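I set out to record what could be looked up in this structure, element by element.

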Amino acid sequence: MNPVYLDYGATTPLDQRVITAMQPYFQKHYGNPSSLHRFGQQAKDALEGARKQIASGLGAKPEEIIFTSSGSESDNLALRGTAFEARRARGADHLLISPIEHPAVVSTAKQLAALFDFHISWLEPDRYGVIHAESVAEHLDDRTAIVSVMHANNEVGTLSPIKEIAEICREHQVAFHTDAVQGAAHFPIDLDDLKVDLLSLGAHKFYGPKGVGALFVREGLDLIPSQTGGSQEFGLRAATENIPLIIGMAEAFQLVQEEHQARLTHCQALRDRIISEIQKIIPGCELTGHPQHRLPNHASFLFRGLDGSQLVLLLDQQGFACSSGSACKSGSSRPSAVLSALGYSQAQALGSLRITVGKDTQESDVEAFLSVLPDCVSTLREQA
Ligand SMILES: *Cc1c(COP(=O)(O)O)cnc(C)c1O
């Protein structure tokens with residue numbers, strides 16, 4: 001039997017159509033977009049075409065899209081760039097983020113605090129991982145440089161009320177960033193309606209290539225670039241643009257727009273089956289994250305009396321790829337910071353398992369998984 005991949009939250013395979021779109025840009029159209037000759041101009045056209053495609057998928061202007069090397073880099077640029085500019089322009093020194101943000105946000109904020117004298121207020125999530133708009137309102141003050149709250153959490157799948165939070169930040173004239181690396185893979189985003197100032201994307205969560213991302217920066221918002229050099233990407237990100245990857249990202253994002261409804265329906269049915277069946281057949285388990293307001297492909301659980309990384313390894317032996325906590329922490333049995341922030345004890349948090357399905361997951365894959373899971377759980381509980 002082929003191994004079954006149930007870890008689409010960690011990364012997704014490239015769509016064949018994305019590979020086809022990228023192909024000519026490795027060897028045939030290899031120009032540098034900054035060159036004046038025809039090779040350069042052709043690359044420049046391709047780059048600007050990709051920028052337009054992403055912008056139109058988001059309801060943004062092309063000049064508001066900055067290509068980066070990853071979702072992580074987009075988060076870094078959003079936080080550091082806005083924080084330094086807000087400090088320079090008006091002496092702001094306060095960051096407002098939640099402890100369940102992706103490490104690309106949390107570690108960046110912590111570094112700004114440790115080395116650059118910013119201070120952080122932590123927005124407390126509820127038990128499900130929702131960050132409420134009221135708590136943002138409570139913590140905002142006139143020294144706040146940036147607020148960052150993720151659209152959808154990668155570990156527990158929960159969606160936060162980004163639209164409301166954006167409105168509150170706008171009223172206070174404070175920049176609001178959302179990490180939509182997970183969310184944008186599943187939900188259409190209309191930045192005409194959603195008043196966020198900065199939004200991060202990463203291509204490999206939606207069947208695009210790894211190593212490319214984008215940051216939406218609303219017109220009129222100034223950032224201090226973290227990578228300096230040439231004037232690429234409107235002076236916000238120096239480096240010769242990675243045209244094949246950017247083309248791949250634009251194609252993959254276009255496919256999200258065209259197929260999101262079909263993908264959503266497909267994934268949600270599989271996810272619902274996983275959630276209801278696990279709760280029925282495995283005693284001592286708890287769904288983490290919000291029961292309704294969550295990513296359509298995302299099921300996450302705590303199993304009492306076992307170590308989630310052991311469970312991932314045992315499932316892998318049986319031919320099923322899942323994750324425990326986030327992929328960045330695989331191998332180490334430290335409880336997830338996200339689950340701790342949601343109020344789970346260390347012992348509870350250790351028993352986490354995340355199952356994320358994708359557009360190519362079959363019903364038979366899910367049934368096969370559900371048929372081996374109970375034995376894996378019992379085996380580990382007996383050993384404990
Ligand atoms: C994957 C992920 C990132 C990081 O994106 P990379 O492109 O892998 O650097 C950031 N935020 C969230 C929510 C993610 O799921």
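I began with S200, which is located in strand β7, residues 198-202. The model I am reading is a predicted one. Is S200 buried or exposed? I found S200 to be buried, because its relative accessibility is 0%, and the cut-off for that class is under 20%. I then looked for a partner of its side chain and noted H177, joined to S200 by a side-chain polar contact of 2.8 Å.

## Two further buried positions

I looked up T144 next and placed it in strand β5, which covers residues 144-148. From T144 I turned to Q173, 29 residues away along the chain, and recorded a C-alpha separation of 9.5 Å.

My next position was A60, in the loop that runs between α3 and β2 (65-68). A60 counts as buried because its relative accessibility is 15%, under the 20% limit of that class. How far apart are A60 and L198 in sequence and in space? I noted 138 residues along the sequence, against 11 Å from C-alpha to C-alpha.

## The loop between β8 and α8

I then examined backbone angles. As background, I kept in mind that most residues other than glycine have a negative phi. E233 carries a positive phi, near 50 degrees, and is not a glycine. I located E233 in the loop between β8 (213-217) and α8 (243-281). F234 is likewise not a glycine and has a positive phi of about 60 degrees. I found F234 in the loop between β8 and α8 as well.

Which exposure classes apply here? E233 is buried because its relative accessibility is 5%. F234, in contrast, has a relative accessible area of 48% and is therefore partly exposed; the exposed class would need over 50%.

## Salt bridges

I turned to charged pairs, recalling that side chains of opposite charge can pair when their charged atoms come close. How many salt bridges does the model hold? I recorded a count of 19, and I inspected several of them individually.

With which residue does the side chain of E233 form a salt bridge? I found R51, with an N to O distance of 2.8 Å. This pair connects distant parts of the chain, since E233 belongs to the loop between β8 and α8 while R51 belongs to helix α3 (residues 38-58), 182 residues apart. R51 has a relative accessibility of 2% and so counts as buried. E233, at 5%, is buried too.

I next took up R88 and E85, whose side chains form a salt bridge at 2.8 Å, N to O. Both residues lie in helix α4 (residues 71-90), three residues apart, which is about one turn of the helix. R88 counts as exposed because its relative accessibility is 57%. E85 counts as buried because its relative accessibility is 11%.

I then noted a network in which salt bridges with shared partners join D15, R17, E259, R263, K359 and D360. Within that list I checked R17 and D15, which form a salt bridge with their closest N and O atoms 2.9 Å apart. R17 is partly exposed because its relative accessibility is 37%. D15 is buried because its relative accessible area is 6%.

## A patch of negative charge

My last entries concern the surface. Which residues gather in the patch of negative charge? I listed E134, E138, E164, E167 and E171. Helices α6 (133-139) and α7 (162-171) each provide at least two residues of this patch. The largest share, three residues, comes from α7.

I looked up E167 as one of these residues and placed it in helix α7. E167 is partly exposed because its relative accessibility is 40%.

How values were computed. Residues are numbered from 1 along each chain as its sequence is written. This is a predicted model: local features need pLDDT of at least 70, side-chain atom pairs count only at pLDDT 80 or more; totals for chains, interfaces and linings use all residues. Side-chain values use heavy atoms; hydrogens and water are left out. Patches are made of residues with over 30% relative accessible area and no salt bridge: like charges are joined within 9 Å, nonpolar side chains (Val, Leu, Ile, Met, Phe, Trp, Tyr) within 5 Å. Accessible areas come from the Shrake-Rupley method with a 1.4 Å probe; for residues, only the protein chains shown count as cover. A salt bridge is a side-chain nitrogen of Lys or Arg within 4 Å of a carboxyl oxygen of Asp or Glu. Lys and Arg count as positive and Asp and Glu as negative; His and the chain ends are not counted. The place of a charge is taken as NZ of Lys, CZ of Arg, CG of Asp or CD of Glu. Helices (H or I, at least four residues) and strands (E, at least two) are DSSP runs, numbered from the N terminus. Buried means under 20% relative accessible area, exposed over 50%, partly exposed in between (1.4 Å probe, protein chains only). A polar contact is a pair of N or O atoms within 3.5 Å; within protein, one must be able to donate a hydrogen and the other to accept it, and residues adjacent in sequence count only if both atoms are side-chain atoms.
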